[in-house]
Amino acid sequence: METISQEKLRAQLRELGVREGGVLLVHMSYRAVRPVAGGPEGLIEALTAVLGPEGTLAMPSATGDDDAPFDPAATPNRDDLGIVADLFWRMPGVLRSAHFDAVSARGPRAEWITGGPFVLPPAAPDSAIDRIRRAGGQVLLLGIGHHANTMLHLAELVGGAPYRSDFHYIDAGGAEVHYGENDSCCEKFELANAWLSAAGLLREGRVGHAEARLMDAEDLVRIAAEKVRADPLLFLHGAEEGCEECDEARESL
């Protein structure tokens with residue numbers, strides 16, 4: 001398989017519509033993107049170069065251990081966030097939010113994005129995810145579907161989705177704190193693809209060897225929140241479909 005050069009990576013990102021000087025939240029499967037020149041570091045380099053010195057790159061950086069206090073300087077990422085996101089938060093100049101459902105970012109807007117208040121549920125208004133939206137940010141999915149698109153959890157809350165599943169975290173004092181999170185299997189988040197496409201608000205192409213989808217966070221949240229207002233349970237599988245996570249969410253009503 002062809003190793004995609006830095007020049008081609010940058011050209012692909014620009015052709016897709018990544019904005020120079022913008023804010024970009026990236027969810028990815030590096031396995032789908034590779035091989036690229038420079039490996040995971042090379043992909044981060046290409047994203048940074050296309051954003052330019054006035055741009056801000058962000059990635060999810062949540063912990064996978066709900067039974068230990070979160071330390072943004074030391075706690076590893078959740079495994080399913082992938083090698084690039086786990087590399088990124090450790091790089092020079094990258095800031096990581098103090099929330100256990102952290103976001104890491106580098107660039108002029110990084111301090112504002114990662115320095116917001118501790119909110120629950122984790123994607124609630126004024127979270128790092130919401131601040132990316134408010135900054136006019138874009139969302140880039142590389143080789144991965146909308147099930148990983150954290151911005152849709154914000155849309156659920158803005159739209160008034162009523163379900164909450166029981167989650168917990170360990171605070172700095174070692175106490176277990178329970179809270180309700182708008183959670184499900186997230187498979188039906190893929191509905192957002194057709195909504196954006198129908199409105200002409202989805203850019204699709206390739207980055208490396210991966211299918212790439214790019215959207216404005218504001219467009220995504222606005223459209224998805226409207227859909228949730230009209231049908232608050234539309235992201236849940238029906239009771240007859242046997243989805244344990246969606247059933248748990250429904251039982252909270």
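A pocket, on a 1 Å grid over the protein atoms alone, is an open set of points with protein on both sides within 12 Å along at least five of seven lines, whereas a cavity is a set of points where a 1.4 Å probe fits but cannot get out. A residue belongs to the lining if it has an atom within 4 Å of a point. Grid points are joined across faces, edges and corners, and a volume is the space filled by probe spheres set on the points.

Good morning, colleagues. The model before you is predicted: local features need pLDDT of at least 70, side-chain atom pairs count only at pLDDT 80 or more, and totals for chains, interfaces and linings use all residues. Residues are numbered from 1 along each chain as its sequence is written, and side-chain values use heavy atoms, with hydrogens and water left out.

I begin with the largest pocket, whose volume is about 970 Å³. It is lined by 47 residues, and the closest to its centre are Ala-62, Arg-78, Asp-101, Thr-150 and Glu-181. Two or more lining residues come from each of strand E1 (23–28), helix H5 (110–114), helix H6 (128–134), strand E6 (165–170) and strand E7 (176–181). Helices (H or I, at least four residues) and strands (E, at least two) are DSSP runs, numbered from the N terminus. The lining comprises 23 nonpolar, 16 polar and eight charged residues. In this count, Ala, Val, Leu, Ile, Met, Phe, Trp, Tyr, Cys and Pro are nonpolar, Asp, Glu, Lys and Arg are charged, and the others, Gly among them, are polar.

How many cavities of 30 Å³ or more does a search of the whole structure find? The search finds one. The largest cavity holds about 30 Å³ of space, and its lining is made up of Thr-63, Asp-65, Asp-66, Ala-68, Phe-70, Phe-100, Tyr-169 and Ile-170.

Two of these residues lead us to strands E6 and E7. Tyr-169 stands opposite Val-177 in E7, and Ile-170 stands opposite Glu-176. E6 and E7 run antiparallel and are joined by six bridges; two strands pair if DSSP finds at least two bridges between them. Five residues lie between the strands of this hairpin, where Gly-174 takes a positive phi near 90°.

I turn now to the open sheet. Its seven strands follow the order E3-E4-E2-E1-E5-E9-E8, with mixed pairing. Strand E3 (95–96) and strand E8 (203–207) each have a single partner strand, so one side of each is left without a neighbour in the sheet. Strand E5 (residues 138–142) and strand E9 (residues 210–216) run antiparallel, joined by five bridges. Within this pair, Leu-142 has Ala-212 of E9 as its bridge partner.

Finally, consider helix H3, residues 39–51, which contains Ala-46. Ala-46 is buried, with a relative accessible area of 0%; buried means under 20% relative accessible area, exposed over 50%, partly exposed in between (1.4 Å probe, protein chains only). Beyond its neighbours within four places in sequence, Ala-46 is in contact with Gln-6, Leu-9, Arg-10 and Leu-13, contact being heavy atoms within 4.5 Å. Other buried residues of H3 include Leu-43, Ile-44 and Leu-47. After H3 comes Gly-52, with a positive phi near 75°.
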